[in-house]
Every structure is written in C-alpha cells, then in structure tokens.
Amino acid sequence: MAEIRRHDNRLGLWGWLGGGRWGVERYAYILHRLTGLGILLYFLIHIVVTSLRAAGIYLWVEGEFLHQPIFRFGEFLVFAAFAYHAFNGVRLVLVELGIAVGRPIEPVYPYRTSLNVQRPLLIIMMILAAAFLVAGGYDFLGLGK
Amino acid sequence: MPDSSTVVRQIRFHITRYNPELDRVPYVKTYAIPVREGMTVLEGLHYIKDNMDSSLAWRYSCRMGVCGSCGMLLNGHPTLACNTQILHIADRELTVGPLPNFNIIRDLVPDLTPMFDKHRSVKPFVIRADETEVNEPAGEFYQSPEELEAYLQFTYCIKCGCCMAACPTLATDVRYLGPMPLAAAQRYNVDSRDDGRRARNQVTGAAQGAFRCHYAGECSRACPKGVDPAKAIQHLKRRLVLDYLRLARRKKPCQKLHGPGEGKPLPNIPAAPGKTVPGDSFPNLPERSP
C-alpha cells in the first residue's frame with residue numbers, strides 16, 4: 001500500500017510569536033525569549049567592540065562613535081531587557097520548582113489552573129521589574145542631571 | 001438538521017480543506033449554515049457533510065467530550081468540537097482548522113501518531129517490582145484519599161492533543177515530548193502504587209523532556225478537561241531536581257491491603273454478577289443464574 005502523503009502543519013516561529021489570542025503567561029514567555037536573545041546579541045556585539053581595542057580602536061571613549069545618543073538609548077533597552085528577564089526569570093525558577101503552582105485539585109468547571117495560582121507572583125515580579133526600570137531610566141537617560 | 005423555526009442566524013464556517021491525493025497545500029472553503037441555540041461545532045460539521053459537502057473529513061466518536069477525537073482549531077483556539085457551542089465563540093464567522101503541530105492526514109484529521117509514540121515512551125503504566133501482582137492481582141493496594149488526590153487531576157486526560165497543539169515550544173521543537181506525555185508521566189510518578197519514577201526520569205529528564213517547558217501555560221488554558229498539564233510538568237521538574245540532587249525521599253510503593261486469600265469482602269456488598277457471554281474467555285467467572 002502506498003504511503004499516504006501528509007501536510008506538515010507545525011507552526012514553527014509563528015507558534016512563538018502569534019497564531020491566536022493568548023494569555024498573559026504566553027506573552028511573558030515570548031518576551032522572555034526575545035529579551036534573552038537580545039541580551040545574547042548585545043553580549044556578542046560587546047565582545048566584538050571591546051576586542052577592537054587590540055587594533056587600537058576605542059569606540060566607547062568620549063567623543064567616539066558609541067557616544068551618540070542612539071547608543072545611550074540602546075544601552076537603556078539592554079538594561080530594560082535585563083530587568084524583565086531577571087525578574088521574570090525569578091518567577092520561572094519558583095514556578096519550575098513547583099513552589100508557586102499549587103497542589104493538584106479535582107477539576108471542576110470552570111477550571112482553575114496553576115496559571116491562576118501563580119498570577120500574583122507574575123504581577124509582583126512585573127511591578128518590581130518596572131520599578132527597577134524606572135530607577136535605571138532615571139540614570140541611563142540622564143533624567144537625574 | 002436544525003429546525004428552521006429555531007434558527008438564530010447564519011454563520012459562515014471557514015474550514016481548512018486538504019485532500020492528499022488532489023491538493024499540494026491546504027486551502028480554506030467557506031460554508032454558510034443555519035445555526036440554532038445550543039448547536040455545537042460538531043453538529044455544524046455534520047450539517048455541512050449531510051447537506052452541502054459530503055467529502056468533508058474529520059474525526060469524532062462520543063459527541064460528549066469524553067473520547068478526545070474531535071480536537072480542532074476553532075477561531076484560533078485548540079479545543080473539542082463537540083464541547084463548543086457555535087454561538088459561544090462566533091458572531092458571524094467561524095474558522096475551523098486541524099490541530100496545529102501535527103501533520104494533516106485529510107481536512108480536519110490530524111496525525112496523532114507522534115503524540116502517542118511519545119506517550120508510550122514515558123511508560124504510562126504502573127511499574128512495580130512485584131509484576132505478578134500487577135498483572136494477576138490477588139488483593140487490593142492500599143491508597144489513602146490524599147494519595148489519590150496527588151494524581152487524580154492528571155488522570156482526566158483524554159489524549160485529545162489540544163495541549164500539544166497549543167504548546168509554543170512544540171511548534172519549534174518537534175522532538176520535545178510535549179504536555180500530554182509529561183503530564184502522563186507525572187500522573188504515574190506520584191501514584192503511590194507505582195515504583196517506576198526513576199525509569200521514567202531517563203526520558204522525562206532528558207534534553208527534550210520536562211526542562212524544555214518554559215511555562216507559557218497554553219496547555220493548561222487549552223485543556224478541555226481541566227487537567228492542567230503545566231502544573232503537572234512543574235511538579236515533575238521539581239521531582240527531577242530533587243532526584244538529581246539525591247534529596248528526594250525514597251518511598252516504597254504502597255502494599256496490598258490484604259494478602260492473597262486474606263481478603264474479606266464487606267458483608268453488605270452483593271456478589272458480582274455472572275458472565276453473560278458464553279464461552280471460556282473468562283473461565284474463572286461463575287455462570288449467571290437464570
């Protein structure tokens with residue numbers, strides 16, 4: 001008997017980034033991945049820029065290329081990514097150790113899931129990340145000067 | 001067929017169609033059907049098949065949210081067609097597609113074979129050293145209500161695949177075990193009758209196991225039975241960490257309530273009825289008295 005042809009219906013990256021109306025934890029998941037990749041990209045660029053020192057190029061000193069305001073803002077974005085990634089990461093560590101998801105319960109409709117149980121933790125962590133961001137922005141964007 | 005006197009309105013069903021013998025890629029075909037109050041998506045599909053297009057294919061069986069056959073993507077959400085009323089999710093338009101993250105066999109029929117292969121790989125059954133007692137039980141195992149509650153929620157899984165379709169990690173990593181098999185592993189790991197956790201850890205703790213889950217939570221949101229696979233996976237991870245650090249308490253699986261031949265049935269429980277099917281398939285059962 002001939003093999004029946006099947007169509008590959010895997011969502012791929014669209015499964016991360018879209019494809020439906022999702023809950024807040026799904027967006028937290030996407031943002032966590034994007035900020036992680038962003039921080040990694042910054043790290044790679046950071047290595048390249050600082051290694052230029054070997055060729056006698058100092059892009060980060062006063063008056064040089066990296067002292068333009070756009071890079072200052074870019075640095076703030078890296079800081080924002082770090083703030084989010086760090087605080088959401090703490091939430092994930094607590095959740096993944098089974099601490100903030102609750103005990104198994106008998107499912108009675110309307111179902112109450114572990115998402116409801118850990119939601120206060122998510123809110124607290126986002127408030128802390130926002131506070132951290134404001135404090136950092138005060139310094140990074142020169143608002144305190 | 002809906003009674004025309006109770007029809008509320010016409011709803012346009014945008015259904016993904018795919019015939020592997022004719023189509024290179026899936027396409028969407030639209031059908032406008034009369035919908036009455038309380039009509040489910042499954043009934044809508046039947047209306048289309050009976051009256052408009054007999055070539056439409058989908059999978060279903062029980063029609064009451066028990067068998068898990070009719071999982072599909074309704075307005076972007078993976079859920080059961082039999083459990084979903086059309087007017088609860090659609091105003092004028094309704095998109096119906098096959099569950100994503102699975103290959104399409106035809107129209108709305110996904111190929112669930114990879115999910116069942118993964119499910120099998122986590123050994124979803126009670127594992128004990130005294131195998132004879134599992135296969136030919138001579139008594140009941142003792143299990144307290146608290147021990148039952150530890151895994152009861154995860155036993156409600158009907159293997160519909162909605163959680164697998166909702167999982168964003170599975171969308172990019174086909175080797176990831178996914179929510180259903182991992183929840184099944186946790187269901188047996190915490191069963192006090194079971195002693196197979198360490199054997200399952202080889203699979204669930206591997207690179208494509210529980211730690212690929214990053215708690216997007218979509219599986220728990222999609223589950224039509226309230227199983228909460230995300231919770232099961234997080235508890236599974238906790239246990240994997242404790243096992244890895246050798247901090248988990250070694251607990252013996254529960255023992256039989258009565259030894260062989262010592263079981264004493266309660267006096268007010270009537271005897272089991274005799275067999276109704278003639279033959280020697282169940283030689284130990286007594287013949288039913290007339």
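Which helix of chain A is the place of Phe43(A)? Phe43(A) sits in helix 2 of chain A.

This is a predicted model: local features need pLDDT of at least 70, side-chain atom pairs count only at pLDDT 80 or more, and totals for chains, interfaces and linings use all residues. Residues are numbered from 1 along each chain as its sequence is written, chains are lettered from A in the order in which they are written, and side-chain values use heavy atoms, without hydrogens and water.

**View 1. A nonpolar surface patch on chain A**. The patch covers about 900 Å² and includes Trp14(A), Leu40(A) and Phe43(A). Patch residues have over 30% relative accessible area and no salt bridge, with nonpolar side chains (Val, Leu, Ile, Met, Phe, Trp, Tyr) joined within 5 Å. Accessible areas are Shrake-Rupley values with a 1.4 Å probe; for residues, only the protein chains shown count as cover. Helix 2 of chain A gives the largest share, six residues. Helices are DSSP runs (H or I, at least four residues), numbered from the N terminus.

**View 2. The contact between chain B and chain A**. Chain B supplies 54 residues and chain A 42 residues (heavy atoms within 4.5 Å). About 3900 Å² is buried, 53% of it on carbon and sulfur atoms. Buried area is the accessible area (1.4 Å probe) that two parts lose on being put together, summed over both.

**View 3. A salt bridge between Lys237(B) and Glu96(A)**. The N to O distance is 3.2 Å. The rule asks for a side-chain nitrogen of Lys or Arg within 4 Å of a carboxyl oxygen of Asp or Glu. The count between chain B and chain A is three salt bridges.

Conventions
Patch = residues over 30% accessible without salt bridge, like charges linked within 9 Å, V, L, I, M, F, W, Y side chains within 5 Å. Helix = DSSP H or I, 4+ residues; strand = E, 2+ residues; numbered from the N terminus.
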